[in-house]
Amino acid sequence: MKKIAILLLLISSIQGASELEKIPDDFKNYFSTKNMQMLAGAFTIGAATANSPIDQSIYNLYQEKVRSSFTNDLVDIWRPMGQNLFLYIEIGIGAIATLAPNTKVGDFSKKFFFNSLRAFTVGTAQLHIMKAVTGGARPTNTTHSSYWKPFTLKHGVSGDTYTGAIPFITLAKMTENPYLKTFFYGVSTFAGIGRLNDGCHYPSQVFLGWMMAYAACESVCRSNSKYNLSFIGNQVAFDFEY
């Protein structure tokens, strides 16, 4: 929540009142029947995985067969995305939007900044609520497993996965280019994979963190007009459709 508060303060330097006016619609979309059904399905899958041997089995398989010095090195590079790096990136994007208004780069930066910010605004409270409601533990906790024990611990949903996924899901939803969309969605999973690699979260917790990020971004997307990003030759073209 501190991160969101800092970002909200930055808004005063950017002419984005019209974007903030969409936040009530973002919340309506978040709590819409469609979104709640999607999250209910995700948490049903998460519950079935977490409250069975499946979670531990997948976790063990990854640690024994996939984790290596190579994956450790990759995670070392990517780990900050799930922590504070996104905040500095957002500040940088916001600065570009402020310093280069009425340009394609400035318009894109402004749109990306506010889409990401609105996604964090609409989804973060629910994230912390569900972390407590599920009550899961980290794999390193030897006295507690992935099984849900409501309000016991607060690791049942991966917050770092959520944080690291939102910027890239936002980018994926801002493009109609199928290759870019696939790339951004793929990169959006890296923070979660890193948490699994580091032994900080079970697979179900990573999955739920990503799904909550997706739900927040989807809510923002429904409030927005279409915004297309596509490659033309060696340039990037930005097209608005209102």
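S146 sits in the loop that runs between helix 8 (104–134) and helix 9 (159–173); helices (H or I, at least four residues) and strands (E, at least two) are DSSP runs, numbered from the N terminus. This is a predicted model, in which local features need pLDDT of at least 70, side-chain atom pairs count only at pLDDT 80 or more, and totals for chains, interfaces and linings use all residues. Residues are numbered from 1 along each chain as its sequence is written, and side-chain values use heavy atoms, with hydrogens and water left out.

Let us stay with S146 for a moment. S146 counts as buried because its relative accessibility is 3%; buried means under 20% relative accessible area, exposed over 50%, and partly exposed in between (1.4 Å probe, protein chains only). Setting aside its neighbours within four places in sequence, S146 is in contact with A50, S52, D55 and Y202, where contact means heavy atoms within 4.5 Å. A polar atom of the S146 side chain lies 2.7 Å from the backbone oxygen of A50.

F151 has a positive phi of about 60 degrees although it is not a glycine, and F151 counts as exposed because its relative accessibility is 65%. R138 is found in the loop between helix 8 and helix 9 too, and R138 counts as partly exposed because its relative accessibility is 25%.

R138 and H155 are 17 residues apart along the chain, with their C-alpha atoms separated by 6.3 Å. Not counting residues up to four places away in sequence, R138 touches H144, H155, R195, C200, H201 and Y202. The side chains of R138 and H201 are joined by a polar contact of 3.4 Å. Such a contact is a pair of N or O atoms within 3.5 Å; within protein, one must be able to donate a hydrogen and the other to accept it, and residues adjacent in sequence count only if both atoms are side-chain atoms.

Now for the chain as a whole. The chain has 12 helices and 2 strands, and along the sequence the pattern is α-α-α-α-α-α-α-α-α-α-α-α-β-β. Of its 242 residues, 49% count as buried. Among contacts between residues at least 6 apart in sequence, 73% join residues at least 24 apart. The accessible surface of the chain comes to about 11900 Å², with 64% of that belonging to carbon and sulfur atoms; these areas come from the Shrake-Rupley method with a 1.4 Å probe, and for residues only the protein chains shown count as cover.

Helix 11 is largely enclosed by the rest of the structure, because 6 of its 8 residues are buried. Those buried residues are A191, G192, G194, R195, L196 and N197, and they pack against helix 5 (53–66), helix 6, helix 9 and helix 12 (203–223). After helix 11 comes G199, whose phi is positive, near 75 degrees.

On a 1 Å grid over the protein atoms alone, a cavity is a set of points where a 1.4 Å probe fits but cannot get out, and a pocket is an open set with protein on both sides within 12 Å along at least five of seven lines; lining residues have an atom within 4 Å of a point.

The largest cavity is lined by 10 residues, of which W78, R79, A191, G194 and R195 lie nearest its centre. Helix 6 (69–78) and helix 11 each supply at least two residues of that lining. The second largest pocket is lined by Y62, T71, L74, V75, I77, W78, F190, I193, G194 and N197, and again helix 6 and helix 11 each supply at least two residues.
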